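Please read it beside the sequence and the model.

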Amino acid sequence: MSSASSKKVVCFFLIVFFQITEAVHVKWSGSSRFESFYQEEQNYYSSFYFNLKPQIHIIDGLFFNTRFDLINFERKEDDFWKNLLFQQRASLLSQRGFVFLYKDSSKNKKLSFPFLFPSQFYLDYELEFFKFRIGRAPYHFGLGTNYSATNSPFDLWMNITDQISFYMEYQFFYLQPSFFHQMQAFQSSLSEGILSALLQGGFKKTNWQVSFLYEYILEEDKNSFVEVYGEYQEQNWKTKLSSSYIFSENTSLSVAFEGVYHVPAKFPMDLELKAGGLIGSASFNPQYNLSLILQNRWMKTEEFNNNFSSYQIAQAQIKESFYVSPRFTLSLLKENLKLQPLFLLASSLDGKQWSYEGDLYLKYRAYKKLFFHLKGGILYQKDWTFSLLAQAAASF
């Protein structure tokens with residue numbers, strides 16, 4: 001090859017290289033949260049949570065997304081990487097962050113420190129009517145009663161799975177087949193996981209939509225399920241309905257309804273209602289928040305095969321029951337301050353166990369992306385239970 005030809009080839013590759021590097025750019029986002037929860041002398045915690053989400057724009061329509069979450073790492077005498085993997089599995093569900101104060105902190109001698117761990121890494125390729133995703137990524141459907149992955153800095157739970165998914169859209173109809181491999185947070189073997197095939201689809205119009213989700217789990221001892229979700233809205237009101245059915249020997253299903261009516265006034269007000277029920281083995285995703293005490297924000301300390309401990313700051317409490325929860329939200333100070341009283345009434349299906357809860361939420365937005373929440377609640381079952389949750393969060 002002549003010297004002139006060599007120079008042309010080098011110049012060509014340099015031009016291509018610089019065009020690619022100019023197209024590639026990185027965008028950063030994330031959030032942090034500090035919170036303290038108190039219920040009684042034997043049930044309290046304080047934690048700090050942080051996540052960082054870099055997104056690399058490679059070429060038009062091609063993105064590589066990552067996310068790093070702060071987790072609670074406890075030093076053990078046995079294998080470091082094995083313990084880290086077990087704790088990272090728990091972080092795929094729970095976004096509790098670094099718990100630095102909890103009910104038995106004075107007695108616990110284990111060395112615990114914050115650790116920033118990559119919880120998500122996936123590739124997105126997007127066209128006008130098509131999207132392909134592969135990697136460890138979040139997944140959300142409907143009200144979030146089964147799969148929840150919203151983007152609020154106050155969320156304590158998120159479903160993250162190893163997945164391959166295809167999103168296809170034609171006019172107002174969409175279809176999304178997916179394949180999942182879900183690691184279980186508390187399992188005895190590092191190689192265990194659940195394989196499943198999902199089919200999501202539906203119709204979306206301006207003021208209504210109907211969607212379905214069918215998950216076929218490729219495990220003999222696991223149950224597949226189907227979920228149907230619909231919503232309808234007009235100018236001042238909106239309704240949502242979700243129902244799931246689990247394919248099992250016994251009848252297992254759940255129904256969740258949400259309705260809101262916006263009252264336009266000098267001080268805007270939203271009148272809301274949540275209602276539903278669960279039969280059999282059906283349960284809600286812990287992120288589906290009905291109340292402060294009964295359904296969510298319930299701390300427990302768990303041990304699993306002496307591998308790690310977890311501070312389970314939310315656990316579904318409503319099973320084999322029905323519930324109704326009226327509430328209203330009052331907006332003040334140009335809607336920067338929101339007050340939300342709510343009442344939750346829950347009963348077992350046979351009517352023998354009743355629960356009554358009253359909560360008050362105060363939500364204040366100090367700046368565009370700086371928020372403060374204060375939540376207090378009282379629950380009566382066979383005795384009185386009080387709780388208080390204070391949160392401060394910022395996103396960027």
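Two strands count as paired if DSSP finds at least two bridges between them. Strand β14 (residues 269-279) and β17 meet this with ten bridges and run antiparallel. The model is predicted, with an average pLDDT of 84 for the protein and a score of at least 70 for 79% of the residues.

**Confidence**

- The pLDDT is below 50 over residues 186-190, a stretch that has 17 contacts in the model beyond near neighbours in sequence.
- Residues 298-315 also have a pLDDT below 50, and this stretch has 63 contacts in the model beyond near neighbours in sequence.

**Strands around β17**

- Four residues lie between the strands in the hairpin of β17 and β18, where L333 takes a positive phi near 50°.
- In a regular strand, side chains alternate between the two faces of the sheet.
- The covered face of β17 consists of S321, Y323, S325, R327, T329 and S331.
- Its uncovered face consists of F322, V324, P326, F328, L330 and L332.

**Largest nonpolar core**

- The largest nonpolar core has 33 residues, of which Y139, Y147, L213, F284, Y288 and Y323 touch the most other members.
- Two or more residues of this core come from each of β4, β8 (173-182), β11 (225-233) and β18 (337-348).
- β18 gives the largest share of this core, three residues.
- Y323, one of the residues touching the most other core members, is on the covered face of β17.

- Strand β1 (residues 25-40) runs antiparallel to strand β2 (residues 43-59), and 15 bridges join them.
- R33 is placed opposite Y49 in β2.
- β2 is also paired with strand β4 (residues 98-102), again antiparallel, over four bridges.
- F48 has F98 in β4 as its bridge partner.

**Aromatic pairs**

- The structure has 21 aromatic pairs.
- F34 and F100 make a stacked pair, with 6.1 Å centre to centre and 20° between the planes.
- Because F34 lies in strand β1 and F100 in strand β4, this pair ties together parts that are 66 residues apart in sequence.
- The pair of F98 and F100 is tilted, because the ring centres are 6.4 Å apart and the planes are at 35°.
- F34, F98 and F100 belong to one aromatic cluster.
- F98 is buried at 16% relative accessibility, because the cut-off for buried is under 20%.
- F34, at 38% relative accessibility, is partly exposed, and F100 is partly exposed at 40%.

**Loop residue D155**

- D155 is in the loop between β6 (130-138) and β7 (160-170).
- With a relative accessibility of 8%, D155 counts as buried.
- The side chains of D155 and T150 are joined by a polar contact of 2.2 Å.
- Leaving out residues up to four places away in sequence, D155 touches R33, Q95, T150 and Q287.
- R33, one of these contacts, is the residue opposite Y49 in β2.

**Loop residue K319**

- K319 is in the loop between β16 (308-312) and β17 (321-332).
- Apart from neighbours within four places in sequence, K319 contacts A282 and S283.
- K319 and A282 are 37 residues apart in sequence, with a C-alpha to C-alpha distance of 7.1 Å.

How values were computed: Residues numbered from 1 in each chain as written. Predicted model: local features only at pLDDT ≥ 70, side-chain atom pairs only at ≥ 80, totals over all residues. Heavy atoms only, no water. Buried < 20%, exposed > 50% of the residue type's maximum accessible area, 1.4 Å probe, protein only. Polar contact = N/O pair within 3.5 Å; in protein donor to acceptor, adjacent residues only side chain to side chain. Contact = heavy atoms within 4.5 Å. Core = buried A, V, L, I, M, F, W, Y, C linked by side-chain atoms within 4.5 Å. pLDDT = per-residue confidence, 0-100. Phe/Tyr/Trp six-rings, centres within 6.5 Å; stacked < 30°, edge-to-face > 60°.
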